[in-house]
Amino acid sequence: MEMLQVTQKNFDDALKTDKPVLIDFWAGWWPGCVQLGPELEAAAAELGDKAVIAKSDIDDGDAKPLAAKLRFMSIPTLILFKNGKEVDRYSGFMEKKELVGFVSKHM
């Protein structure tokens, strides 16, 4: 299943849901981001349609303004939104079980 790719252009539309939306802000050149990828995909598979799991490549020209707007200092940064508002964030690696718990507490 292809994960939603979030940029400045589709950010507002991505948040228009009553489900929790977790966005992974990442870069392909950073080992921690690469390591998180499979864990995020496994968490997305387990959560199914109960949440939206998305990624935003901070090196993508359309995503850079979004990264600047959300003001985080390290990658990977995971930001969780509910009803269009940020409800939680975490910087660093998480295993699938932790990711599922992080999202589930906002369902």
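Searching the whole structure gives 6 salt bridges, where a salt bridge is a side-chain nitrogen of Lys or Arg within 4 Å of a carboxyl oxygen of Asp or Glu. Before I go into them, this is a predicted model: local features need pLDDT of at least 70, side-chain atom pairs count only at pLDDT 80 or more, and totals for chains, interfaces and linings use all residues. Residues are numbered from 1 along each chain as its sequence is written, and side-chain values use heavy atoms, with hydrogens and water left out.

The general idea is simple: side chains of opposite charge can pair when their charged atoms come close.

One is Lys16 with Asp13, a salt bridge at 3.4 Å, N to O. Both Lys16 and Asp13 are exposed. For accessibility I use relative accessible area: buried means under 20%, exposed over 50%, and partly exposed in between, with a 1.4 Å probe and protein chains only.

Next, Glu46 and Lys96 form a salt bridge through their side chains at 2.6 Å, N to O. This pair links distant parts of the chain, since Glu46 sits in helix H2 (residues 31-47) and Lys96 in helix H4 (residues 96-104), 50 residues apart. Helices and strands here are DSSP runs, numbered from the N terminus: helices are H or I with at least four residues, strands are E with at least two. Glu46 is partly exposed, at 43% relative accessible area, and Lys96 is also partly exposed, at 28%.

Then there is Asp88 with Lys105, a side-chain salt bridge at 3.2 Å, N to O. Asp88 is in strand S5 (residues 85-91) and Lys105 in the segment after H4, so this pair ties together parts that are 17 residues apart in sequence. Lys105 is exposed, with a relative accessible area of 55%.

Back to the two helices. Two packed helices are described by the angle between their axes and the distance between the axes. How do H2 and H4 cross? Their axes come within 8 Å and cross at roughly 50 degrees. The axes are lines fitted to C-alpha atoms, for helices over the stretch in contact, and angles run from 0 to 180 degrees between N-to-C directions. That makes H2 oblique to H4; angles under 35 degrees count as roughly parallel, over 145 as roughly antiparallel, 65 to 115 as roughly perpendicular, and the rest as oblique. The crossing of H2 past H4 is right-handed, meaning that the near helix is turned clockwise from the far one by less than a right angle, with anticlockwise being left-handed.

Which residues meet there? On the H2 side they are Leu36, Glu39, Leu40, Ala42, Ala43, Glu46 and Leu47, and on the H4 side Lys96, Leu99, Val100, Val103 and Ser104. Contact means heavy atoms within 4.5 Å. The residues of this contact divide into 8 nonpolar, 1 polar and 3 charged. Ala, Val, Leu, Ile, Met, Phe, Trp, Tyr, Cys and Pro count as nonpolar, Asp, Glu, Lys and Arg as charged, and the others, Gly among them, as polar.

Now the backbone. The peptide bond from Ile75 to Pro76 is cis, with omega near -5 degrees. Pro76 belongs to the loop between helix H3 (64-70) and strand S4 (77-82). Arg71, in the loop between H3 and S4, has a positive phi near 50 degrees without being a glycine. Arg71 is exposed, at 71% relative accessible area. Asn83, in the loop between S4 and S5, is not a glycine either, and its phi is positive at about 55 degrees. Asn83 counts as exposed, at 56%.

Last, strand S3 (residues 52-57), which holds Lys55. Is Lys55 buried or exposed? At 11% relative accessibility, Lys55 counts as buried. Leaving aside neighbours within four places in sequence, the contacts of Lys55 include Met3, Asp24, Trp26 and Leu40. Ser56 is in strand S3 as well and is buried, at 1% relative accessibility. Not counting residues up to four places away in sequence, Ser56 touches Val6, Ile23, Asp24, Phe25, Trp26, Ala63 and Leu66.
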